[in-house]
Structure formats: C-alpha cells, structure tokens
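Let's take a friendly look at one model, with an eye on its pocket and one of its helices.

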Amino acid sequence: MHDPKEAIALLYDGEQAPTLTAKGEGELAEQIVQLAMDYEVPIYQNADLVRILARMDLGEQIPEELYRTIAEIIAFAWHLKGKAPAGFVFPDRDDAEG
C-alpha cells in the first residue's frame with residue numbers, strides 16, 4: 001500500500017448510520033491507516049470517497065446520499081472477516097451453481 005495523503009475512519013454500530021471517527025492528511029493519515037492495520041480493520045481505498053467524507057466533522061453521521069455506497073463497503077468488510085448481520089444466512093454454494 002502506498003502512503004495515503006488522506007484517510008478517514010468510520011464507526012458503524014449496526015443501529016445508526018456510520019459515524020466519522022477520525023480523519024487526517026499526511027502523517028496523521030498514515031497513523032490512521034497503521035492503526036487500522038494493527039487492529040485488522042479492513043481498509044478500503046477510494047480517494048474520491050475520502051475527499052467527500054473528509055469535509056464532514058468528527059462525530060457526524062454519513063449523509064443519506066452515501067448510505068448505499070458505505071453499506072456495500074461495510075458488507076464487503078464483514079464478508080472478508082466471515083461475519084454477517086443477525087439472521088443472515090449465507091447462500092448454499094451448491095444451490096447457487098444450479
């Protein structure tokens with residue numbers, strides 16, 4: 001991974017919209033990414049999305065216009081960690097193949 005110029009961190013508690021918990025540029029961005037790696041938090045790189053979210057204030061919930069985009073990122077991150085929302089059943093691979 002190259003050194004980030006900007007980074008943000010979101011917190012999602014499963015009940016409310018994700019909240020901006022950290023943001024920074026340069027060395028601070030590197031520290032945010034390093035902390036995420038240290039705690040095995042999935043990292044998603046999208047410079048355009050970071051620029052949009054970096055305009056928010058810390059503690060602010062993401063805007064409704066970004067719900068779907070952020071939900072897809074969170075769902076993918078959960079999938080990578082083998083997690084799923086309560087009640088979700090992973091499709092049976094045999095059924096998916098026909």
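The chain has an average pLDDT of 86, and 83% of its residues score at least 70; pLDDT is the predictor's confidence in each residue, from 0 to 100. This is a predicted model, in which local features need pLDDT of at least 70, side-chain atom pairs count only at pLDDT 80 or more, and totals for chains, interfaces and linings use all residues. Residues are numbered from 1 along each chain as its sequence is written, and side-chain values use heavy atoms, with hydrogens and water left out.

| Element | Mean pLDDT |
|---|---|
| α4 (residues 93-96), lowest | 50 |
| β2, highest | 97 |

Where pLDDT is low, the predicted coordinates should not be read in detail.

Now to helix α3. Its 14 residues reach 20 Å from first C-alpha to last, close to the 20 Å expected at 1.5 Å a residue (the expected span is 1.5 Å times one less than the number of residues). Ile-70, Ile-73, Ile-74 and Ala-77 are its buried residues, buried meaning under 20% relative accessible area with a 1.4 Å probe and protein chains only. Seen down the axis of α3, they fall within an arc of 95°, so they line one face of the helix; the arc is that of the directions from the helix axis to the C-beta atoms.

α3 also gives the most to the lining of the largest pocket, with seven residues.

Methods. Helix = DSSP H or I, 4+ residues; strand = E, 2+ residues; numbered from the N terminus. Buried < 20%, exposed > 50% of the residue type's maximum accessible area, 1.4 Å probe, protein only.
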